[in-house]
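User: Got a structure I'd like to go through with you. Can you take my questions as they come?

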Amino acid sequence: MRMIELIEKKRDGKTLSTAEIEWFIRAYTADEMTDYQVAALLMAIYIRGMDRRETVDLTLAMARSGDELDLHDVAPLVVDKHSSGGVGDKTTLAVQPLVAACGVPVGKMSGRGLGSSGGTLDKMESIQGWHFEMPIEQFKKQLGEIGLVLAGQTAVLAPADKKLYALRDVTGTVASVPLIAGSIMSKKLAAGADAMVLDVKTGSGAFMPTVEAASELAQVMVDIGTDAGRKVVALISDMNQPLGHAVGNALEVKEAIETLQGSGPADFWAHCLEVAGHMLLLAGKADDLDRAKEMVTAVRQNGTAFEKFRQMVAAQGGDLAQVDDPSLLPQAQFVEPILAPRSGTIAAMNTGEIGWTAVRLGGGRLVKTDQIDHAVGFVLAAKIGDNFAEGDELGTIHANDADKLAQAREDLLAVINWSDEPVPSQPHFHGTVQ
C-alpha cells in the first residue's frame, strides 16, 4: 500500500477499507511513515469524516497497536467508566468503591489533569503515601483480593493513539468526532473492559459545548463499543457549573469521602448514584435502574462503600489517618470567603474559567513540569438559579499565596453572571445514549 493513495482516497470523500486502516495504524506505530503524510490524512478525516465501519476499524486497530489486557482470570466481568473531563469531577473516587461494595470488581486506569479539568491521580496523591504505579501483576492481584484498584497506565496501551493525539494537537485536527471517539474507546478496549459507562459532559466547562455535540460523540462511542462486542451506555451530563462544591485536589478528596459517608453535596451524590447504578445494570447485578440505585444507596448507608475506599488506599500505600480524619489532608494557609458583589440570581457561570482559576492558584499544571499544590482551590456551593443578597457568602477560596488569592477572587467573580429575574436551576442530566 502507498500512503498517498489513502490520503487521496479520503480527500475525495471515499471510504478506507479495513485493510487500509489496519496497515496505516501498524505502519505509523512502527515509525514507517512520515508525520507530514499522517497529518494530511488526519486533516482529510477531519474534513470528510468517517462512517461507522471506518471508525470502528480505526478504534480496533489503535487498541491492538500495543498491549491488550485480559483480567478475566481475576474478574469474570470487567466494568469501567470514563468521564470526558470536568471541573469538580471527583466521581471516580466515590463511584469505584460504591460499585465494588456491590460485588462488581472495578479496576481502573486514570490520568493526570488535562487543561482546566482536574486529574483523578492528582487528587488521590493528596493522601500521603498513596501511589498509582504498579506492574500489571499487582494490578490483577489487588483487583482479585479487594475488587478495587485505581492505577496509572500499567501497560503500553494503544501507543498508536498517543502518537496520533500528539500530531492532532499541533495540526488543528483534535475536534473530529471519529478521532475523539477512537482515541477514548481504543484505550478502554485495550484495558480489557467488557462493559463501560461513558459520562459525556456538555456545557461551558466541557469539550463539547452543546447537548447536540455531546450526544453525537456519545452515539459514535456507543456504536464503537457495540460493534466491538462490548456493553456500553453513555450519560450526557451537565458541566455548565462545577460538579459538587469542591474544586481542588485535597478539597475534592474530602468531598468524596463525605459523600461515601452519607453526606456531601446533593448534586454530586445524584451524579454518583446515576453512574454507579448504570454500572451495576451493565454488570447484570440488577434487573432495572431503580433496583441498582437501591443497592448503591444501601452500601453507602451501611458503610461498606467507605470501607472499600479505605482498603484501596491502604493497598496502595496511603495514610488511612487522613481518610478517617480528612482535616489531616493538606490545608491551605489562607481560607477566605467569596462574597456576592450584588443582589440577584446566578444566571450562568463560565465553568472552564473556574477550572483555570483553580489551576492558576496552583491546583493544576500550566506546563507539564509544574508541581501541584494539593491544598488550594475553592468550595463553591452557589449554583445557577440560587438567589443571594449583596455580601452573602458564595463560597470560600483556599490559597497559599495572598496575591494568588486576591486574583482568584477577582477571576471567579468575573465569570459568574447575574440576573434580576428568576432563573431556573440547571438540569443535571440531558439524556442517555445506548
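User: Are Trp130 and Phe132 buried or exposed?
Analyst: Both Trp130 and Phe132 are buried. Buried means under 20% relative accessible area, exposed over 50%, and partly exposed in between, with a 1.4 Å probe and protein chains only. This is a predicted model: local features need pLDDT of at least 70, side-chain atom pairs count only at pLDDT 80 or more, and totals for chains, interfaces and linings use all residues. Residues are numbered from 1 along each chain as its sequence is written, and side-chain values use heavy atoms, with hydrogens and water left out.

User: How many aromatic pairs are there in the whole structure?
Analyst: The search finds 2. Trp130 and Phe132 form a tilted pair, with 6.4 Å centre to centre and 40° between the planes. The rule is that rings of Phe, Tyr and Trp (its six-membered ring) pair if their centres lie within 6.5 Å; planes under 30 degrees apart count as stacked, over 60 as edge-to-face and the rest as tilted.

User: And why is the pair of Phe388 and Trp418 edge-to-face?
Analyst: The planes of Phe388 and Trp418 are at 80°, so the pair is edge-to-face; the ring centres are 6.2 Å apart. The pair links distant parts of the chain, 30 residues apart: Phe388 is in strand 10 (residues 387-388) and Trp418 in strand 12 (residues 416-419). Helices (H or I, at least four residues) and strands (E, at least two) are DSSP runs, numbered from the N terminus. Phe388 counts as buried at 16% relative accessibility, and Trp418 is buried with a relative accessible area of 16%.

User: Which charged ends sit over rings?
Analyst: Lys90 has its charged end over the ring of Phe268, 5.1 Å from the centre. Arg300 has its charged end over the ring of Trp269, 3.9 Å from the centre. The test is NZ of Lys or CZ of Arg within 6 Å of the ring centre and within 35 degrees of the ring normal.

User: Switching to voids. How many cavities of 30 Å³ or more does the structure hold?
Analyst: The structure holds 2. On a 1 Å grid over the protein atoms alone, a cavity is a set of points where a 1.4 Å probe fits but cannot get out, and lining residues have an atom within 4 Å of a point. Grid points are joined across faces, edges and corners, and a volume is the space filled by probe spheres set on the points.

User: What's around the largest cavity?
Analyst: The largest cavity holds about 50 Å³ of space, and its lining includes Val78, Asp80, Lys108, Phe139 and Lys188. Strand 2 (residues 106-109) gives the most to this lining, with 3 residues.

User: Where is Gly152?
Analyst: Gly152 is in the loop between strand 3 (148-151) and helix 8. Gly152 is buried, with a relative accessible area of 5%. Its C-alpha atom is separated by 12 Å from that of Ala191, 39 residues apart along the chain.

User: Last one: why is helix 11 called largely enclosed?
Analyst: 10 of the 12 residues of helix 11 are buried, so the rest of the structure largely encloses this helix. The buried ones include Leu251, Val253 and Ile257. After helix 11 comes Gly262, with a positive phi near 105°.

Methods
1 Å grid on protein atoms, 1.4 Å probe; cavity = no way out; pocket = protein on both sides within 12 Å on 5 of 7 lines; lining within 4 Å.
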